[in-house]
Amino acid sequence: MRIASDERRRPMLEPMLPLINVVFLLLVFFMVAGHMAQQPPVEIQTPESDARHQPLEDMPRLTLQPGGELLLDGEALSRERLAAEGGQLLASERPRLHADARVSSKALRPVLQALRDAGFDSVQLITLRSES
Amino acid sequence: MHLDPPVHRSPGIGLTPLIDVVFILLVFFMLVTRFTTLQQAPLPIRSAGAAGAEQQLTRVHITSADEVEMSDRTLSLSALEGWLDEHDPRPLYITTADPVPLATTIDVTDRIRAAGYSDVKLALLE
């Protein structure tokens with residue numbers, strides 16, 4: 001009697017190797033080419049800019065929605081409170097404002113005035129670097 | 001009875017768990033990776049109360065997405081770039097009409113800075 005070898009029962013790994021290779025390459029590509037970033041608390045259409053500025057490291061705390069609603073860490077913030085307590089709330093020499101590209105000047109101006117009243121003479125606007 | 005001698009195979013490390021983990025890592029990175037770059041553009045603010053001092057400066061008033069006013073003249077954005085190239089860089093300030101969106105303000109500011117004008121402020125005047 002001849003007992004068959006269990007070679008035929010081994011999983012067929014060889015046909016999977018190209019797939020595994022591609023998956024490894026994709027993994028390395030995403031790890032190297034991209035970067036992880038926090039998402040803003042609300043959906044914001046970031047304005048594009050051709051100019052080159054300092055890359056953003058942390059998500060800004062101030063958000064201005066298209067309708068003019070101001071948020072601090074995702075919660076509503078009145079302009080009066082920003083003007084009165086902005087220095088303590090932001091604790092930054094140059095506050096960063098993530099304002100929607102569609103927000104009108106009429107809505108933006110009171111927020112900037114409140115920052116100005118809080119003692120800030122400059123603001124860091126968050127923009128999306130356009131690759132063109 | 002004759003039996004083949006048993007084949008002694010060294011216990012190998014199974015690749016299946018590794019492949020599973022790699023797949024999960026791949027999905028994770030595909031979901032959280034972003035290829036766009038956010039940046040922070042500094043923009044000095046001038047309050048409305050500083051209007052008196054700004055009378056000495058050049059004013060660029062943005063009226064719409066493709067037009068600005070300078071010294072009571074209406075210019076297209078390309079004409080504005082021509083004007084900026086013809087003159088030496090000087091301090092200037094930007095004002096905007098109420099309906100002008102932030103994207104337009106940033107676009108005009110970029111064009112002015114690209115022409116070599118580094119001292120640009122956004123005035124809180126209509």
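This is a short walk through a two-chain model, taking each chain and then the contact between them.

The model is predicted: local features need pLDDT of at least 70, side-chain atom pairs count only at pLDDT 80 or more, and totals for chains, interfaces and linings use all residues. Residues are numbered from 1 along each chain as its sequence is written, and chains are lettered from A and ligands numbered from 1 in the order in which they are written.

Confidence in chain A comes first. pLDDT is the predictor's confidence in each residue, from 0 to 100. The mean for chain A is 83, with 86% of the residues at 70 or above. By element, the lowest mean in chain A belongs to E1(A), at 76, and the highest to E7(A), at 92. Where pLDDT is low, the predicted coordinates should not be read in detail.

Next, the elements. Helices (H or I, at least four residues) and strands (E, at least two) are DSSP runs, numbered from the N terminus. Chain A contains 3 helices and 8 strands, in the order α-β-β-β-β-β-β-α-β-α-β from the N terminus. Chain B contains 4 helices and 7 strands, and its order from the N terminus is α-β-β-α-β-β-β-α-β-α-β.

On burial, a residue is buried if 20 or more other C-beta atoms lie within 10 Å of its own, exposed if 12 or fewer, and partly exposed in between, with C-beta atoms placed from the backbone. Of the 132 residues in chain A, 28% are buried; for the 126 residues of chain B the figure is 23%.

Two residues are in contact if their C-beta atoms, placed from the backbone, lie within 7 Å. Taking contacts with a separation of 6 or more in chain A, 77% are between residues 24 or more positions apart. In chain B, 74% of the contacts between residues at least 6 apart join residues at least 24 apart.

Now one strand inside chain B. Why is strand E6 (residues 92-96) of chain B largely enclosed by the rest of the structure? Because 4 of its 5 residues are buried. As for neighbours, two strands pair if DSSP finds at least two bridges between them. E6(B) pairs in the parallel sense with strand E3 (residues 58-64) of chain B over 5 bridges, and Tyr93(B) in E6(B) is the bridge partner of Arg59(B). E6(B) also runs parallel to strand E7 (residues 120-123) of chain B, joined by 3 bridges, with Leu92(B) opposite Val120(B).

That leaves the contact between the chains. Chain A contributes 50 residues and chain B 41 residues. The chain A side divides into 27 nonpolar, 13 polar and 10 charged. Here Ala, Val, Leu, Ile, Met, Phe, Trp, Tyr, Cys and Pro count as nonpolar, Asp, Glu, Lys and Arg as charged, and the others, Gly among them, as polar.

Which helix of chain B does H1(A) cross? The partner is helix H1 (residues 16-32) of chain B: the axes come within 9 Å and cross at roughly 35°. Axes are lines fitted to C-alpha atoms, for helices over the stretch in contact, and angles run from 0 to 180 degrees between N-to-C directions. Residues making this contact include Phe24(A) and Leu27(A) of H1(A), and Phe23(B) and Leu26(B) of H1(B). The contact residues are 14 nonpolar, no polar and no charged.

E8(A) and strand E2 (residues 38-46) of chain B are antiparallel over 7 bridges, and Ser122(A) has Pro44(B) as its bridge partner.
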